[in-house]
Amino acid sequence: MRVIDDWLNKEISQNAMAILQDRYFLKDADGNYIENTWDEVAKRVARHVASAEINFSQDVKEIQKAETIFYKLIRSRIFIPNSPTLFNAGKTIDKQFFNKAIEDMTIDDYKQIFNLRTKHNMLSACFVVPMEDSLASIFDAVKNAALIMKYGGGVGYDFSVLRPKGSSIAGTGGKSSGPVSFMHVFNVAASTIEQGGSRRAAQMAVLRYDHPDVFEFINSKKDNKGNNVLNYFNISINIDNPSTFKRLIENDEELLLKHPDSKIQKKVKARELIDKMAENAWKTGDPGVLFLGRHNEYYAMSEYTPVTATNPCGEEPLPPFGSCNLGSLDISKLVEKIDLGNPTSSTGEEFKEIVYWAVRFLDDVVEANVFPLKEIEEITRRQRFVGLGIMGLADALYKKEIPYNSEDGRKFMAKVTAQLAYYSHLASTGLAKERGNFPDFEKSKYPNGFIPFAMLDDQIDKDIKIWNDKIREHFYGEAKQYKRNVQTNTVAPTGSISNLADTSSGIEPNFLLSYIRYMTNKEGERVPLTYINPVLIEKVGALITDEIKEEIVKKGSIQHIKSIPDDIKKIFVTAVDISPEDHLLAQHVIQSYLDASCSKTINMPNTATIDDVKSMYLKALDLNVKGLTIYRDGSLETQVLTTTSEN
Ligand code: UDP
């Protein structure tokens with residue numbers, strides 16, 4: 001794989017190194033580093049995950065080959081697994097196993113690594129924890145979530161099952177305090193847990209749009225300034241069926257708020273609900289919207305184990321006790337050698353191979369994983385969720401000189417995602433032939449011929465039609481017999497791992513082309529590091545005088561700089577240069593080929609109105625999107641990325 005060899009020994013940036021030191025290098029009990037390089041991390045993770053191959057092969061050469069490819073994928077930073085895998089693979093297992101040269105590894109060594117795994121080797125980022133409408137069950141969920149968050153997993157919950165505030169409680173004769181009151185309990189619990197010893201806990205709360213407490217839920221974060229109210233939660237309203245909801249709005253009809261275990265019922269105009277959601281999202285970014293009905297439509301096991309919530313960032317819908325491990329390919333590195341998205345290019349074979357090994361890695365993670373609860377282990381092994389996604393989309397578009405907010409940009413996004421979906425499903429089917437189907441396969445929709453995503457219209461582009469035809473042939477052909485994983489694709493935010501890869505995050509446009517990040521040096525002093533997007537420097541470095549550099553650092557964008565030609569400005573757009581409609585359309589085309597979901601924020605300018613937010617909701621009801629997250633620039637005091645001065 002040529003492209004991997006090219007990237008194998010490229011130096012990582014100071015920024016990436018600082019993050020590794022801060023969070024990823026293993027330390028001993030006294031806090032001394034046991035690891036000092038990315039190479040050591042790549043070796044540890046590759047070896048630990050490859051040890052799961054002993055469940056399928058006793059041929060040491062075969063396992064060494066898998067380990068070598070996993071190592072190269074990670075070492076080159078073309079593929080990076082989700083943070084919990086980086087944090088926890090190999091952790092607490094004797095270091096001697098990881099110092100050994102690969103050619104000296106024996107079957108027995110791999111077996112020992114596999115058998116030495118403990119609860120500290122939890123490798124997944126995404127979980128959904130259920131609760132029933134009883135105090136015992138709610139507090140069981142608090143405990144279950146704590147165990148997950150401790151090792152770096154994010155947790156989502158469906159609070160719709162809890163009866164509304166004021167409902168009678170048979171056992172005590174009292175009144176229920178409702179879902180929102182319990183969310184505060186989860187929030188406090190999360191606030192005391194540092195995930196994986198390295199980061200804040202993250203949670204998602206979901207409530208159905210027709211739950212009687214829906215307004216209280218929508219308002220639950222309205223006073224949040226970013227770091228105070230329910231700050232360990234993202235909140236999302238589940239509009240289960242977008243077309244029914246759209247009809248209610250268009251006809252200005254009422255909807256009945258109700259709960260099966262309560263006498264409390266209210267009627268409200270659907271319009272009032274959407275107005276309130278828009279107002280609060282305009283103010284603080286919360287709530288988001290989820291269309292879980294759409295998720296279930298494209299989920300092959302929805303008749304048995306429907307999804308009820310998503311992980312904290314919304315990209316992974318899961319059934320109760322579901323879990324998923326993620327990994328992302330940096331397409332900005334790949335586009336240098338591979339003609340991504342082109343269905344007739346010979347370089348596609350190389351991408352196919354990379355995707356195969358990435359899916360095999362993630363499938364091995366299901367095997368190597370030590371799950372925090374037996375219920376989670378059971379459903380995860382029965383369905384084998386994995387989420388291979390992409391990062392570096394924005395930088396890839398810069399390199400290809402295609403504007404993110406253009407028809408060509410969207411075609412590129414659609415083709416790349418279609419290619420990823422197609423190859424990863426081929427990989428999952430190939431693995432099923434060697435290792436067996438996911439145990440629930442016969443009950444799933446696949447044996448009847450089922451395509452787990454919406455796809456775009458054939459007419460849009462001749463290449464899109466070619467990908468659609470290949471996808472149809474696969475799902476109406478061999479996928480009816482063989483599938484190793486119920487789902488294979490998820491696009492994560494890649495908030496940390498994209499920094500490790502020195503690339504743009506997930507499918508988002510770059511938020512800023514330049515910024516100053518403060519790092520602490522060895523002497524403990526805070527030193528400013530000026531970051532300028534490397535592709536911008538590579539493409540137009542000659543144009544960038546010190547004076548222009550200063551301007552870019554100040555504003556984060558190049559749109560207002562007179563001396564930069566218009567054709568360059570069109571390509572190097574940032575999140576705030578892109579209209580909300582273009583953000584939404586990017587999400588629409590990408591989501592058309594994802595069996596799970598994606599993390600995407602619809603950035604809106606500070607000047608956007610509440611009606612602008614509402615119009616995004618209404619547009620989303622008609623597209624292939626599975627949810628919506630809005631963020632109006634500057635609306636939270638703790639916004640993570642800002643330029644150094646006011647725009
Ligand atoms: N996540 C989490 N806490 C965090 C960041 C992420 O629990 O601080 C979980 C969450 O489920 C999220 C998923 O990890 O949806 C993937 O997030 P991201 O891609 O940003 O994580 P990374 O692997 O880059 O750390």
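Modeller: Let us begin with what counts as being near a molecule: a residue is near it if one of its heavy atoms lies within 4 Å. Please keep in mind throughout that this is a predicted model.

Biologist: With that cut-off, how many residues surround the ligand, and which are the closest?

Modeller: The ligand is surrounded by 20 residues, and the closest are S83, Q195, R199, N311 and T494. Sorted by class, this shell holds seven nonpolar, 10 polar and three charged residues.

Biologist: Which backbone atoms lie by the oxygen atoms of the ligand, and at what distance?

Modeller: A backbone N or O atom of T494 is 2.6 Å from an oxygen atom of the ligand, while for G495 a backbone N or O atom lies 2.8 Å from a ligand oxygen, and a polar backbone atom of S496 is 2.9 Å from an oxygen atom of the ligand. As for cover, the size of an interface is often given as the accessible area lost when the parts come together. Here the ligand on its own has 510 Å² of accessible area, of which the protein covers 91%.

Biologist: Which domains does the assignment give?

Modeller: The domain assignment of the chain gives domain 1 (2-108), domain 2 (126-297) and domain 3 (512-571). Taken over C-alpha atoms, the centres of domain 1 and domain 3 are 33 Å apart.

Biologist: Where does the backbone have a cis peptide bond or a positive phi?

Modeller: Most residues other than glycine have a negative phi, and most peptide bonds are trans. In this chain, the peptide bond from D286 to P287 is cis, with omega near 5 degrees, and P287 lies in the loop between α12 and β10 (288-290). F321, although not a glycine, has a positive phi of about 65 degrees, and F321 is placed in the loop between β12 (317-318) and β13 (323-330).

Terms used. Residues are numbered from 1 along each chain as its sequence is written. This is a predicted model: local features need pLDDT of at least 70, side-chain atom pairs count only at pLDDT 80 or more; totals for chains, interfaces and linings use all residues. Side-chain values use heavy atoms; hydrogens and water are left out. A polar contact is a pair of N or O atoms within 3.5 Å; within protein, one must be able to donate a hydrogen and the other to accept it, and residues adjacent in sequence count only if both atoms are side-chain atoms. Accessible areas come from the Shrake-Rupley method with a 1.4 Å probe; for residues, only the protein chains shown count as cover. Ala, Val, Leu, Ile, Met, Phe, Trp, Tyr, Cys and Pro count as nonpolar, Asp, Glu, Lys and Arg as charged, and the others, Gly among them, as polar. Domain bounds come from an automatic or database domain assignment. Helices (H or I, at least four residues) and strands (E, at least two) are DSSP runs, numbered from the N terminus.
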